[in-house]
Amino acid sequence: MMKKAMICMLALLAVGAAAAQGTLSVEVTGIEQAEGHIMVAVYGQHQEFLEEDFVLSYKAKVGLEAEQVVELELNFGRYAVAIYQDLDGDAELDTNFIGIPKEPYGFSCNCMGVMGPPDFEKASFDFSKDGQQITISL
């Protein structure tokens with residue numbers, strides 16, 4: 001009986017370690033207009049990057065500062081973050097007639113794509129410690 005209890009405890013510890021989580025701080029810089037919301041989407045390796053299948057989404061009211069920090073609770077792992085400033089409150093990234101964004105946006109690793117958004121690999125980073133911070137410029 002003692003051996004069974006010990007095995008169960010070890011299994012629970014292994015599951016808990018696999019799902020370790022912490023706070024990721026996303027510092028958003030380059031905010032030029034103190035209006036609207038910062039819309040954040042976090043994608044893991046198993047999600048379609050820039051589709052509606054994301055790990056976590058978050059909406060934060062824009063303050064008066066040109067920089068803002070958004071704190072997210074996530075399991076440790078590999079992620080890519082996409083953000084935009086929703087100036088008009090329609091919860092969509094507005095684009096012109098050829099698809100170029102008209103509202104400020106950015107990606108983790110401050111990467112940009114060529115003739116479109118970057119892919120997951122280019123924008124991804126390893127989230128491995130509580131309190132880790134990334135910076136995304138709009």
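**Exercise 1. State how confident the predictor is in this model, and identify the stretch to be set aside.**

Solution. The mean pLDDT of the protein is 88, and 86% of its residues reach 70 or more; pLDDT is the predictor's confidence in each residue, from 0 to 100. Over residues 1–17 the pLDDT is below 50, and beyond near neighbours in sequence this stretch has zero contacts in the model, a contact being heavy atoms within 4.5 Å. Where pLDDT is low, the predicted coordinates should not be read in detail.

The model is predicted, and local features need pLDDT of at least 70, side-chain atom pairs pLDDT 80 or more, whereas totals for chains, interfaces and linings use all residues. Residues are numbered from 1 along each chain as its sequence is written, and side-chain values use heavy atoms, with hydrogens and water left out.

**Exercise 2. Describe the order of the secondary structure elements.**

Solution. The protein has two helices and eight strands, taken as DSSP runs numbered from the N terminus (helices: H or I, at least four residues; strands: E, at least two). Along the sequence they follow the pattern α-β-β-β-β-β-β-α-β-β.

**Exercise 3. Determine which side chains form the salt bridge, and what the pair ties together.**

Solution. A salt bridge requires a side-chain nitrogen of Lys or Arg within 4 Å of a carboxyl oxygen of Asp or Glu. By this rule the count comes to one. Its partners are arginine 78 and aspartate 126, at 2.9 Å, N to O. Arginine 78 lies in strand 5 and aspartate 126 in strand 7, so the pair ties together parts that are 48 residues apart in sequence. Both are partly exposed: arginine 78 has a relative accessible area of 24%, and aspartate 126 one of 48%.

Technical notes
Buried < 20%, exposed > 50% of the residue type's maximum accessible area, 1.4 Å probe, protein only.
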